[in-house]
Amino acid sequence: MGKIERRETLLGELERAQGLEQLQSAILDLRDHFRVDHMVYHWVSSDGEQFGCGTYSDAWVQRYVDQDYLRVDPVIIGCYQRFHPVDWKRLDWSSKAARAFQAEAISHGVGNQGFSVPIRGPVGQFALFTVSHTCDDEEWARFTEANRRDLILFAHGFNERALELAPGRTPEQSRALSPREIDAMTLVAMGYSRAQVAETLSISEHTLRVYIESARSKLGALNTTHAVARALSRGLIVV
Amino acid sequence: MLRFIYGDEIDRFPKLKRSMFLDRADQFKTRLGWDVTVDPTGEERDAYDEMNPLYVLWEKPDGTHGGSMRLLPTTGPCMVNDHFLDLTNGVRITSPFVWECTRFCLARDCEPKTAAALMLGGGEVMAGFGVEHYVGVFDARMVRIYRMIGASPEIIGAQGEGRDRISVGLWGFCEAARRTVAERAGIAPETSRMWFERAFGGECRQTLAQTA
């Protein structure tokens with residue numbers, strides 16, 4: 001199976017997850033696929049409720065909670081209420097407490113490298129998706145450069161799922177496709193070129209690209225082809 | 001110089017902060033007559049300033065505001081999706097790769113290169129954070145300014161006439177446009193990259209490398 005197909009499958013697995021247990025199994029598969037030491041997704045609702053899934057050892061998670069490391073962890077401090085992805089090297093590890101925390105994290109196998117994607121949800125909810133690994137700077141730079149886009153995509157995949165599984169969720173409004181997006185996806189599915197679709201809809205190709213990207217995001221798809229397949233299989237578009 | 005500052009850090013730059021919100025009042029209320037709220041101290045701000053946006057600012061040599069814009073992710077609450085759906089053909093634009101850019105503001109007495117410098121800063125954010133498009137809300141005057149600096153957006157929709165005209169448009173990232181904008185700004189791309197790196201911990205990285 002090719003890399004892209006595998007990632008489509010993994011996104012599918014994520015999207016079908018019906019509870020925390022299946023989110024956990026999705027994150028294990030995803031960690032193995034990206035060949036990193038760890039992957040973690042952590043969600044904080046606007047009223048402070050938390051849950052998450054991930055591959056850190058139970059001992060480290062317990063230690064983290066017991067020591068209230070949320071208050072020390074430079075990843076949390078640097079990402080909370082932000083929305084740009086960040087390499088851990090760019091965070092502030094200069095305090096004594098942060099350095100001690102880092103040494104302990106490494107001793108628990110977290111890894112010396114990390115990349116985190118903070119996420120802002122539709123109702124002010126905050127989430128953080130992280131990959132961490134043990135390797136040198138050059139290898140890590142190559143990894144993050146090659147995978148940044150897909151990691152951001154999976155981060156948001158987890159978030160969509162978490163939002164849907166969260167109690168009191170108001171259904172679907174944010175993910176419904178608008179008529180214009182449905183038009184665009186239908187024409188793409190019919191095999192029209194982007195130029196033809198844009199002309200048919202009397203919009204620029206640039207605008208079309210953004211409409212397709214927006215539809216892709218709402219469908220939780222990896223790329224345009226995958227988005228078309230999903231829209232077709234859900235009956236959102238008919239060709 | 002260019003600064004990249006989240007809302008929750010801007011108090012560390014009191015002069016810059018005060019002059020930005022004053023300049024925004026001057027641009028959006030006094031000059032454009034938009035229906036915006038100006039507080040008793042003369043500052044224009046709205047609900048989106050409370051959502052910890054990322055500001056890209058041009059700081060003048062005296063530490064005051066020369067120009068700025070405000071960035072927010074389209075996955076969270078943002079202006080285009082909350083207020084301007086009628087200008088995007090009803091499409092709620094939501095993607096981690098599309099950020100919103102609003103409140104593009106230039107101080108009355110700013111240097112002519114300021115707008116281009118801000119666009120250059122916007123390009124740094126795109127390259128640095130994997131953002132592929134901005135969707136922006138802007139006024140008629142900005143359409144001309146964007147054209148002049150070689151960074152015209154694609155306009156999706158507009159409402160109103162004359163100076164009241166408000167448009168929603170899109171920018172993509174393009175290396176050629178980046179070079180044009182850098183030239184108009186009179187700033188080497190290496191310099192704007194350095195400002196960006198400095199704002200987002202690039203120096204920490206160097207220190208680590210030296211101690212490793």
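Predicted model: local features only at pLDDT ≥ 70, side-chain atom pairs only at ≥ 80, totals over all residues.
View 1. Chain B has 7 helices and 7 strands, and reading along the sequence gives the pattern β-α-β-β-α-β-α-β-α-β-β-α-α-α. Its C-alpha atoms fill a box of roughly 55 × 35 × 30 Å along the principal axes. For 212 residues, a compact globule would have a radius of gyration near 17 Å, and chain B agrees, with 17 Å. As for burial, 47% of the 212 residues of chain B count as buried.

View 2. The model scores ipTM 0.90 and pTM 0.91. Chain B averages a pLDDT of 91, and 95% of the residues score at least 70. Residues 204–212 of chain B are another story: pLDDT stays under 50 over this stretch. For those residues the model has 6 contacts beyond four places in sequence.

**View 3. The buried side of helix 6 of chain B.** Zoom in on residues 189–199 of chain B, which make up helix 6. Which residues are buried here? They are B:Ser192, B:Trp195, B:Phe196 and B:Ala199. These four cover an arc of only 95° around the axis, so they sit on the same side of helix 6 of chain B. What covers them includes strand 1 (2–6) and helix 3 (114–129) of chain B. Just after helix 6 of chain B comes B:Gly201, with a positive phi of about 85°.

**View 4. Where chain A meets chain B.** The contact takes 32 residues from chain A and 30 residues from chain B. On the side of chain A that touches chain B, strand 4 (113–120), helix 6 (137–165), helix 7 (179–189) and helix 9 (205–219) of chain A each supply at least two residues. Which element gives the largest share of that side? It's helix 9 of chain A, with 8 residues. By type, the residues of the side of chain A that touches chain B divide into 9 nonpolar, 12 polar and 11 charged.

View 5. A:Glu21 lies in helix 2 of chain A, which runs over residues 20–34. Is A:Glu21 buried or exposed? A:Glu21 is exposed, because it has 10 other C-beta atoms within 10 Å, and the cut-off for exposed is 12 or fewer. Now look across to A:Cys53: A:Glu21 and A:Cys53 are 32 residues apart in sequence and 8.5 Å apart in space, C-alpha to C-alpha.

**View 6. Two loop residues with positive phi.** Start with A:Asp68, in the loop between helix 3 (58–66) and helix 4 (74–79) of chain A. Its phi is near 55°, a positive value in a residue other than glycine. A:Asp68 counts as exposed, because it has 9 C-beta neighbours inside 10 Å. Over in chain B, B:Asn52 sits in the loop between helix 1 (14–31) and strand 2 (54–59). Phi of B:Asn52 is near 50°, again a positive value in a residue other than glycine. How much of B:Asn52 is on show is a matter of counting: with 19 other C-beta atoms within 10 Å, B:Asn52 is partly exposed, as buried would take 20 or more.

Terms used: Residues numbered from 1 in each chain as written. Chains lettered and ligands numbered in written order. Arc of directions from axis to C-beta. Contact = placed C-beta atoms within 7 Å. Nonpolar A, V, L, I, M, F, W, Y, C, P; charged D, E, K, R; others polar. pLDDT = per-residue confidence, 0-100. Rg over C-alpha atoms; globule rule 2.2 N^0.38 Å.
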